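Hi,

Here is the structure I promised to pass on. Have a look at it first, and my notes follow below.

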Amino acid sequence: MIEETARETQIVEFKPLKDIGRLPLNETSELRFYVDEFKGYPFGSIRTFVKRDSYAGPTKAGVTLKGAVLDGVIATVEKLPKEPETTEDVELARFQKKPGVELVARVNIYRDTTGLDLREWVDDGDYKGWTKKGIRINYPDIVKTLGFLKEMRAFLAARSEPKKPAKAA
């Protein structure tokens, strides 16, 4: 006798501090722009979320943005023309996240479509190159993306940094 087991979908409940916006990528995935925090420190994030038979929730594909990196990405996106002017990959800017890790903004062509790629570049001695930590925004979604990024920055600016406990005298 063969027993069939029902496959259950693993759903990851995700509750950020603020859900800023979403851009559909295809029938089963979307980019989410949101603000969350880690150990009391708020940060902006753009991450791919999937809805599949076996899993629904965030993926590893994404980037975190805070402070000068977020400001730099906004300034870079603001300079982009309404229509892409290139037919090849063009690096726009690099922003240092920490020693050995940069966020690279570039316009790239993938499957005959133009998009904005935000991806981490690592140079830590053991490895030098692109990571999976990145996202691609279709060029027609640039205006919406800029609005989401500005809303993210405003929300982060309104939040105060965590207070450090006072040292005992």
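Where pLDDT is low, the predicted coordinates should not be read in detail.

Some housekeeping: this is a predicted model, local features need pLDDT of at least 70, side-chain atom pairs count only at pLDDT 80 or more, and totals for chains, interfaces and linings use all residues. Residues are numbered from 1 along each chain as its sequence is written, and side-chain values use heavy atoms, with hydrogens and water left out.

Now the sheet. Four strands form an open, antiparallel sheet in the order β6-β7-β8-β9 (strands are DSSP E runs of at least two residues, helices H or I runs of at least four, both numbered from the N terminus; two strands pair if DSSP finds at least two bridges between them). At the edges sit β6 (90-98) and β9 (128-138), each pairing on one side only. On average, neighbouring strands are turned by 25° against each other, direction ignored (axes are lines fitted to C-alpha atoms, for helices over the stretch in contact, and angles run from 0 to 180 degrees between N-to-C directions).

Helix α1 packs on this sheet, touching β6, β7 and β8 (113-123), and its direction makes about 170° with that of β6. β6 and β7 (residues 101-110) are joined by seven bridges, with Arg94 opposite Val104 in β7. Between β8 and β9 there are eight bridges, and Arg119 has Gly134 in β9 as its bridge partner. Four residues lie between the strands in the β8 and β9 hairpin, where Gly125 takes a positive phi near 95°.

As for the helices, the axes of α1 (residues 67-78) and α2 (residues 142-158) come within 10 Å and cross at roughly 150°.

Cheers

Note on methods:
Contact means heavy atoms within 4.5 Å.
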